[in-house]
Amino acid sequence: MFHENFQVGYFGCGVDPGGLVPCPGRGGAVRAPAARLDTQAETILAGAVWSRLTRLTRIGAPVAFLAPSLIFLLAFTYWPILHAFFLGFFRWNINTPNRVFAGLANYRELLLEPLFRQVLLNNIYYGLLAIPVAMAIALFLAIQVNKRFAGCTWYRTIFFYPTMIPMVAAAMIWVWMLNPGYGPVNYYLKMLGLPAPEWLYSMEWAMPAIIMVSLWKHIGYFMIIYLAGLQNIPDDLYEAAALEGAGPWVRFRVVTWPCLSPTTYFLFIIAIITTFQVFDQVYIMTQGGPANRTNVLVYYIYQNAFQFWDMGKASALTTVQIVLLFCLVWGASRVLRMRVHYQ
Amino acid sequence: MTSLGWRRSVGGWAVHLILAPIAVLMVAPLWWMAITSIKPRQEVFSPIPQWLPRFFHWQNFTEALSRAPFLVYLWNSVVITAGTLAGQLVLITLAAYALARLRFRGSEGLLYVFILQLLVPIQATFVPNYLTMHKLDLLDTRLAIILPFLASGYGTFLLCQTFKQIPQELEDAARIDGCGHLRFLWHVLLPLARPTLIAFGLISFVFRWNDYFWPLIVTDSPAVRPLPIGLGMFVQQESGADWNLLMAATVFVSAPLLLLFVVFQRFFTQGFLGSGLKG
């Protein structure tokens with residue numbers, strides 16, 4: 001369609017059609033001596049229209065190409081941030097028609113609420129345990145399956161397949177695996193003489209169980225991203241290191257780890273974001289219990305919004321969540337970016 | 001056998017010694033799901049875990065399917081995922097083209113607007129988005145599940161990187177031949193960007209298909225709900241006692257993607273591999 005605009009401008013101004021780049025100014029000047037005055041005016045006018053059109057196309061093309069995405073981005077990603085920030089200042093139960101301006105009341109309430117503190121601590125617990133363990137195991141597995149040996153693609157498939165399973169299904173499978181009476185996990189723990197906790201019913205073990213499901217489901221994805229990073233490391237770096245007589249550990253420290261630092265950086269940021277997305281496992285496995293030991297931020301917002309219908313408080317919580325997320329990602333990238341080594 | 005060859009074969013065994021137990025741990029849950037789904041009810045509650053099939057109680061599947069409209073859920077999943085993916089591919093192509101190939105002021109800043117979307121998952125904005133859907137009168141429709149995901153910052157970014165690598169001479173040649181933006185995009189850029197499109201398509205497909213959270217928020221009736229929500233509802237309805245039926249339903253919900261994965265395994269791993277950051 002912009003192409004057609006271009007054509008209209010092209011012929012409209014009566015430039016020599018053989019010319020590659022239409023240039024109305026030049027066309028007008030060349031013709032001027034022989035042309036009558038009104039034709040000249042016409043040419044100038046057409047030229048003006050043409051240049052308006054090209055300018056429109058020049059701005060119009062990016063606008064038209066970007067507009068669909070930008071409209072959706074604004075409507076469902078960026079506007080909601082402002083919307084939540086705005087609604088956080090109101091007392092508003094969705095069942096009552098009027099919302100009442102309440103200033104910082106929602107935030108004050110959150111600060112004074114022990115449950116909110118508990119929820120934040122649960123999230124921190126989840127992040128501190130899940131992120132390093134997931135990344136370490138994923139890196140270890142990626143290095144192992146990156147070696148060329150018979151069966152390495154089998155291992156890749158086996159480690160990766162949980163990514164394909166919906167989290168709900170994964171959660172269901174693990175509820176059954178961890179069933180204290182009939183699940184295999186406790187059967188084998190008892191057989192080995194280890195303590196067999198009540199898992200999802202236990203204050204101490206419910207959160208580790210949730211983390212275990214997340215690890216099982218996400219490690220393969222992390223591994224694949226690490227594998228992509230490993231495959232980008234040029235072989236000659238290893239050869240050079242081997243020539244220097246470097247053993248496997250030194251090779252890892254001097255070549256692998258620095259070359260993987262952009263991947264590690266990327267995965268770390270992704271992992272922080274996923275920590276703030278935990279919901280499905282909690283919803284299916286524990287409903288936040290026992291005694292809110294597995295109640296995490298998203299679940300808590302969900303409870304406030306759709307069980308108590310308190311949209312004001314849910315919006316304030318949303319704002320807190322977004323600010324926390326941005327601060328953590330910003331902080332992490334400030335610390336890490338200096339250490340990232342780009343080839 | 002030379003000492004080097006000997007060491008290598010020991011090294012080969014060592015890898016299996018390390019990886020095989022981990023592999024067993026990773027597969028065990030899947031196997032436990034599958035085996036439970038074909039056990040008769042009394043077998044399920046055996047005090048010693050039974051890992052091998054002794055009975056093939058296929059009725060579990062027909063019974064689970066008769067107790068909840070899983071085929072409707074399956075159809076909804078297909079419609080929602082296909083709709084989202086189609087919209088995403090069109091939108092990311094247009095946006096990535098503008099960001100990568102058109103010169104205009106502020107294009108770099110705009111790229112950040114796209115990338116920053118990665119930091120704002122739907123779990124961070126579901127309350128205001130729910131209110132938007134409420135206002136648009138779209139609650140409890142499949143469209144409401146699709147809309148927030150149509151613009152993809154990640155996809156736009158990936159495709160933008162690919163488009164940038166395509167040499168300028170190709171574009172100049174196409175321009176001289178009278179190619180407009182859309183024809184150049186369709187006939188030159190898209191065929192060259194096919195691996196990126198496939199990689200993004202697979203990832204998006206997997207994540208949209210498995211999404212639980214957002215459909216749970218905006219839908220209410222089984223007629224529009226996708227498979228994962230169907231499973232969640234089935235769990236609540238059965239109140240978690242008939243493990244053979246629950247696992248049959250879980251198998252049914254997990255099977256479509258797992259089958260695709262097994263059939264197109266190389267395709268999937270390559271797609272996900274290609275999505276990793278380069279350098």
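Start by selecting α11(B), residues 194-210; helices here are DSSP runs of H or I with at least four residues, strands are E runs of at least two, and both are numbered from the N terminus. At 1.5 Å a residue, its 17 residues should span 24 Å, and the end C-alpha atoms do sit 24 Å apart, so the two agree. (The expected span is 1.5 Å times one less than the number of residues.)

Before you click on, a word about the model. It is predicted, so to speak: local features need pLDDT of at least 70 and side-chain atom pairs count only at pLDDT 80 or more, while totals for chains, interfaces and linings use all residues. Residues are numbered from 1 along each chain as its sequence is written, and chains are lettered from A and ligands numbered from 1 in the order in which they are written.

Stay on α11(B) and colour its buried residues, among them Phe200(B), Ile203(B) and Trp209(B). Buried means that 20 or more other C-beta atoms, placed from the backbone, lie within 10 Å of the residue's own; 12 or fewer is exposed, and in between is partly exposed.

Next, show both chains. How many residues does each chain bring to the contact? Chain B gives 65 and chain A gives 71, where a contact means C-beta atoms, placed from the backbone, within 7 Å. On the chain B side, α1(B) supplies the largest share, 11 residues. That side has 47 nonpolar, 17 polar and one charged residues. (Nonpolar covers Ala, Val, Leu, Ile, Met, Phe, Trp, Tyr, Cys and Pro; charged covers Asp, Glu, Lys and Arg; the others, Gly among them, are polar.)

Zoom in on α7 of chain A (167-177) and α13(B): their axes come within 8 Å and cross at roughly 35°. Axes are lines fitted to C-alpha atoms, for helices over the stretch in contact, with angles from 0 to 180 degrees between N-to-C directions. Pick out Val168(A), Ala169(A) and Met172(A) on one side, and Pro228(B), Leu231(B), Gly232(B) and Val235(B) on the other.

Now go to α3 of chain B (59-67), which packs against α14(B) at about 80°, axes 8 Å apart. The two are therefore roughly perpendicular, a label for 65 to 115 degrees; under 35 is roughly parallel, over 145 roughly antiparallel and the rest oblique. Among the residues in contact are Phe61(B) of α3(B) and Phe252(B) of α14(B).

Last stop: chain A, with 14 helices and two strands.

Technical notes:
Contact = placed C-beta atoms within 7 Å.
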